[in-house]
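Let's take a walk through this one, from the place where the chains meet to the packing inside. Have the viewer open and follow along.

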2 protein chains.
Amino acid sequence: MSELFNRLQPYLDKSYALSAAFTLFGWDNSTGAPRDAIGNTSRAIEILSGEMYSTLINDEVKALLKDLSTEAEQEKLTFQEKAIVKNLNKDFKELQNIPPEEFSAFSALVSRAYPVWSKAKQENDFASYAPVLQEIITYAKKFASYNQKEGQELYDVLLNKFEEGFNMEIIDDFFAKLRTALVPLVHKISEKSNFISTECLHQSYDVETQKKFCRFLAEHIGFDFNRGVIAESEHPFTTELHNHDVRITNHYHQHQLDSAIFSVIHEGGHALYEMGVADDITMTPVGGGTSMGMHESQSRLYENNLGRSLEFWEPIYCKLQEAFPEQLHRVTPEEFYKAINHASPSLIRTEADELTYSFHVMIRYEIEKMIFQGNVSVDELPALWNQKYQEYLSLTPANDTEGILQDMHWSGGDFGYFPSYALGSAIAAQIYHHLETVMPVKKHLKEGNLMPIREYLKEHIHRFGKCKNTQELLMEMTGEAFNPDYYIAYLTEKYSALYEL
Amino acid sequence: MSELFNRLQPYLDKSYALSAAFTLFGWDNSTGAPRDAIGNTSRAIEILSGEMYSTLINDEVKALLKDLSTEAEQEKLTFQEKAIVKNLNKDFKELQNIPPEEFSAFSALVSRAYPVWSKAKQENDFASYAPVLQEIITYAKKFASYNQKEGQELYDVLLNKFEEGFNMEIIDDFFAKLRTALVPLVHKISEKSNFISTECLHQSYDVETQKKFCRFLAEHIGFDFNRGVIAESEHPFTTELHNHDVRITNHYHQHQLDSAIFSVIHEGGHALYEMGVADDITMTPVGGGTSMGMHESQSRLYENNLGRSLEFWEPIYCKLQEAFPEQLHRVTPEEFYKAINHASPSLIRTEADELTYSFHVMIRYEIEKMIFQGNVSVDELPALWNQKYQEYLSLTPANDTEGILQDMHWSGGDFGYFPSYALGSAIAAQIYHHLETVMPVKKHLKEGNLMPIREYLKEHIHRFGKCKNTQELLMEMTGEAFNPDYYIAYLTEKYSALYEL
């Protein structure tokens, strides 16, 4: 047992408590708080955020971390404690370069920004959002510059923050590889655009009944309602206080059945990750998913590789028909399977099919690169966005609501996050391929028994939290480092069969 | 401007932010958190609560408060600043006597206790609640003893905490006066128990429609949904982060229409108080209602003096009929008015009529007195409760769910709070009498225009927060100190007319 680590514990405890409060304010702002609350509330959030900062960034913690990093002390630490020290050292280095008053002001800014973005999206009014977005970008650039290594590109600082060891070079390569493989496939499928009908999904579906069915779906994949809740928000998301309090949101559309269904499976995948973190690390700095890419792999594994398979729906499609008899009694499981896998260039990322999804990520990635390389102003963004959609997907958004305003991430200051979405899909395909080598995945799905899948993921990924990184987890589980080939093979095979190419 | 007060400001800010987080956790635990969350979450709450404690209880604040209390410094302070210093001095004296680790442990205990009470009530299982209640009582006694003055009774410490200047002597007198006047009235009415029928309220009322109508009612009395929300919880309550974020809960019963209706008006009255606090004090230590009794006067003024009058319903009863045409089309406004004012001894305080309400308060007051005088053990409480109900109201609860487990207050450590409920009703009657001397209250009600009433209360009570105490507010507004005679006259007149005595 390390005496030194015990002296670190009160700082960890206080930091955890403040971040839990911070998380709860965030959840509340998006799901429950009254409209006019945020002005005053952001003041409280700002103060808590300043406290959170000074709890970890101070001379006592600095000295403790230094002493805990010596070889002699490291030998006294448990596996989890070592991971905590490593993780804190990284955060410490990142945070100590940011002046505390800027950190607080930025936290208050992003709290204020969410409702501004939400209103701007609702009213198709990018101009009302532009000034606050400009402020956020200025902060993001400034913060990134504080942590820029010599010769490092500004945007690489951000990419590395979300996915350790990744940079523009790797991601440019990754997208190039995908482009080479997917563009011809998308091209062929576009020529057969009416081959699959999605009409059955766009009938009128009662929202309250959708809510009930989504609750069933969450339970079906293993979401534990004693440890989690589902609420509503503008854009679905997952957040957590600890492994016994994991919260997801959903958004229901009367005329688009698949939207809420696949959102709940997607967020449910995120939630299973957080619910699966081990009890002894859940309230520590390593108590969450290891990276954005790995997190997204879990959500997209459930949403796509599992959730959009014929086998997944085999035991439960009848329940969906029971919920909506009038709308679905004549729709066969195969027709439904085809409809939910229809591929077609579209405007909204979260509603995109599996095949064209990466293009949405690529577009935002390219725009973010330009922002951080100083090649574009905020006012030019909507036009740039529209131009890229035309270029890659041959579509132009009718307005900014279905264009550049569609996602909340920038309002939270999350630049460099988006590539993880595409990376997540690729990791999901790699994991799915591995799962099939260790268990009869399709048989489990057909039997409606998803527990072996969740248990395997919990055992090999979830429980470790941030104690192992993405590459370590992949290596130990599959015997192989990250490999996007599985993703390309999976998409090619699935969509060739669907469209009989 | 006081330089010294400026030095106090950062402590006030941090204390406010932590208490806002604390409030939000409390709201979330009762309305949104998953069932199994509280074990871990209470650890975070405990830490925040310890922080809240040490923010105000430290040598710097002690020295500042001492310096700010000198005559010379007091002259430099604004009215609000003086009130803040006075209030902090009081809290400081109370808190500094409690060891910080006990304060934190108690906060965590009451967080854990809420779901235990809630489950015990649901399952009629007092025994499962008894150990945690015993722990809470032990803390409450210990904390009270820390602040006991020489010769002061333990329970008087608690009474004074909620209502400055009140003690058992005054409250015993108050209840004696009420008993003398009300017992004969209740007796006469009991003899005419079938004179008023409440059947119309106990038909089947769709809960979703009730929710919509309750929302309308809240708006009708002036609840601002841009600054507030309504959620559901086991027992209705009001809480607030500041004057732009005031939250109430409700509880809906399919076969008891008046329950949710009068709960929303009651909690709405509390909410109007908090929404009316002035902007410049809302996030300070004097930014809430001045006392429990004054708070309760606002909720009961709206619930009873206004909300249960014939004039209140004159312009809106038709809307209730529209919401429930099948149930109410044959019920006249007069029949409805009589039904909602039916008086009869009953078991549940929150569902009690205006007339017998005070008896419920009196019973708990007497039991609390016995607990703090050491005359009763926790295990004896259910029997004692049932015995007193038989004695005063000639009723015995069939089980503890409708007996001693009915209210959440003890699970939150709130002993000495209950007398304020009766006091609040008496203050409400005094204020109502005054309102009629300064404006045509009944005319406003008939016109469905409740804004003049809210504005008057805001101007003379709400905006001051804790800057003036109950007696000061009453004196300045009505020209008279607290006087329970108005309450007795009001009840006697109203119920004599209703029951044609």
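How many residues does the contact take from chain A and from chain B? Keep in mind that this is a predicted model. The answer is 37 residues from chain A and 37 residues from chain B. Between them, the two chains bury about 2900 Å², and 64% of that sits on carbon and sulfur atoms. On the chain A side, the residues losing the most area to chain B are A:P34, A:N40 and A:N226, which together make up 19% of what that side buries.

Now for the nonpolar packing. In soluble globular proteins, nonpolar side chains tend to be buried together. Here the largest nonpolar core has 155 residues, and the members touching the most others are B:W313, B:L320, B:L381 and B:I431. Helix α7 of chain B, residues 126-146, supplies the largest share of this core, with 11 residues. Zoom in on B:L320: leaving out residues up to four places away in sequence, B:L320 touches B:F213, B:L257, B:I261, B:W313, B:L328 and B:F336. Another core, of 99 residues, lies apart from that one, and its members include A:L56, A:A83, A:L405 and A:A422.

Last stop: a helix pair in chain A. Helix α7 (residues 126-146) of chain A packs against helix α8 (residues 154-162) of chain A at an angle of about 85°, their axes 9 Å apart. Angles of 65 to 115 degrees count as roughly perpendicular, so α7(A) is roughly perpendicular to α8(A). From α7(A), the contact uses A:K141, A:A144 and A:S145, while α8(A) brings A:L154, A:V157 and A:L158. Sorted by type, the residues of this contact come out as 4 nonpolar, 1 polar and 1 charged.

Key: Residues are numbered from 1 along each chain as its sequence is written. Chains are lettered from A and ligands numbered from 1 in the order in which they are written. This is a predicted model: local features need pLDDT of at least 70, side-chain atom pairs count only at pLDDT 80 or more; totals for chains, interfaces and linings use all residues. Side-chain values use heavy atoms; hydrogens and water are left out. Axes are lines fitted to C-alpha atoms, for helices over the stretch in contact, and angles run from 0 to 180 degrees between N-to-C directions. Helices (H or I, at least four residues) and strands (E, at least two) are DSSP runs, numbered from the N terminus. Angles under 35 degrees count as roughly parallel, over 145 as roughly antiparallel, 65 to 115 as roughly perpendicular and the rest as oblique. Contact means heavy atoms within 4.5 Å. Ala, Val, Leu, Ile, Met, Phe, Trp, Tyr, Cys and Pro count as nonpolar, Asp, Glu, Lys and Arg as charged, and the others, Gly among them, as polar. A nonpolar core is a set of buried Ala, Val, Leu, Ile, Met, Phe, Trp, Tyr and Cys residues joined through side-chain atoms within 4.5 Å. Buried means under 20% relative accessible area, exposed over 50%, partly exposed in between (1.4 Å probe, protein chains only). Buried area is the accessible area (1.4 Å probe) that two parts lose on being put together, summed over both.
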